Amino acid sequence: MSTGFDFKKLRRLINIYAVVQVGLVALLIYVAMNFQVGLASIGRGDLFNKSILLTLLMQLAMFYPVYKFAAREAALAIEAVQEGLTPEQLKSQRNKRLVGDVIKAGVFCFYLAFTLLVSSKNLPGAATRFVLSMIFFNFILTYLSYFQCFNFAAKRDMKLKQ
């Protein structure tokens with residue numbers, strides 16, 4: 001079996017993820033500005049700072065699992081660009097990628113369901129905006145950290161395989 005790697009496709013994926021990261025940062029800034037103005041307009045600007053602090057604490061708690069998942073996905077992506085794979089190896093990789101895709105979709109559906117649940121409750125305006133701001137911030141930062149960790153792990157592993 002050949003041990004060569006063709007990283008052209010993976011480099012393209014890393015570049016796409018870099019563009020997505022720029023978009024997510026722009027979206028994060030836009031959403032943060034909207035929530036800051038919205039909370040300040042009802043006289044609860046202090047809740048914006050609390051939502052930022054709580055979001056950062058949640059992201060700190062979620063960083064390790066996100067990093068491990070992204071590193072696993074990067075390792076799978078590197079295995080996929082190995083030359084000379086057998087059909088059994090390709091099937092195994094497809095199954096592993098499918099599990100990763102289901103996990104990513106599950107996280108997306110969790111945030112979507114949580115957002116819809118909070119939006120449908122009859123909470124006071126400040127409480128709804130506070131909780132929604134934390135949901136949106138966590139959603140964006142979770143995917144942003146996934147893409148950053150994936151790119152970091154993929155670049156690191158590519159250097160080791162060359």
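Helices H1 and H2 are roughly antiparallel to each other, since angles over 145 degrees count as roughly antiparallel and those under 35 degrees as roughly parallel. Their axes come within 13 Å and cross at roughly 165°, and H1 passes H2 in a right-handed crossing. An axis here is a line fitted to C-alpha atoms over the stretch in contact, with angles running from 0 to 180 degrees between N-to-C directions. Helices are DSSP runs (H or I, at least four residues), numbered from the N terminus. A crossing is right-handed if the near helix is turned clockwise from the far one by less than a right angle.

A word on the source: this is a predicted model, in which local features need pLDDT of at least 70 and side-chain atom pairs count only at pLDDT 80 or more, while totals for chains, interfaces and linings use all residues. Residues are numbered from 1 along each chain as its sequence is written, and side-chain values use heavy atoms, with hydrogens and water left out.

Now to H2 (residues 45–80) and H4 (residues 125–161), whose axes come within 6 Å and cross at roughly 30°. H2 and H4 are therefore roughly parallel to each other, and this crossing is right-handed. The contact of H2 with H4 brings together 28 nonpolar, 7 polar and 5 charged residues. In this scheme Ala, Val, Leu, Ile, Met, Phe, Trp, Tyr, Cys and Pro are nonpolar, Asp, Glu, Lys and Arg are charged, and the others, Gly among them, are polar.

Next, have a look at the pockets. A pocket is an open set of points on a 1 Å grid, where a 1.4 Å probe fits, with protein on both sides within 12 Å along at least five of seven lines; lining residues have an atom within 4 Å of a point. A volume is the space filled by probe spheres set on the points.

| Pocket | Volume | Lining by class |
|---|---|---|
| Largest | about 320 Å³ | 9 nonpolar, no polar, 5 charged residues |

The largest pocket has 14 lining residues, with Lys-9, Leu-13, Ala-77, Ala-80 and Arg-97 nearest its centre. Two or more lining residues come from each of H1 (8–41), H2, H3 (87–120) and H4. Around the second largest pocket you will find, among others, Met-62, Phe-69, Ile-103, Lys-104, Thr-142 and Tyr-146. H2 gives the most to that lining, with 4 residues.

Finally, the model has 6 salt bridges, each a side-chain nitrogen of Lys or Arg within 4 Å of a carboxyl oxygen of Asp or Glu. One of them joins Asp-46 to Lys-50, whose closest N and O atoms are 3.8 Å apart. Both residues lie in H2, 4 residues apart, about one turn of the helix.

Terms used
Angles under 35 degrees count as roughly parallel, over 145 as roughly antiparallel, 65 to 115 as roughly perpendicular and the rest as oblique.
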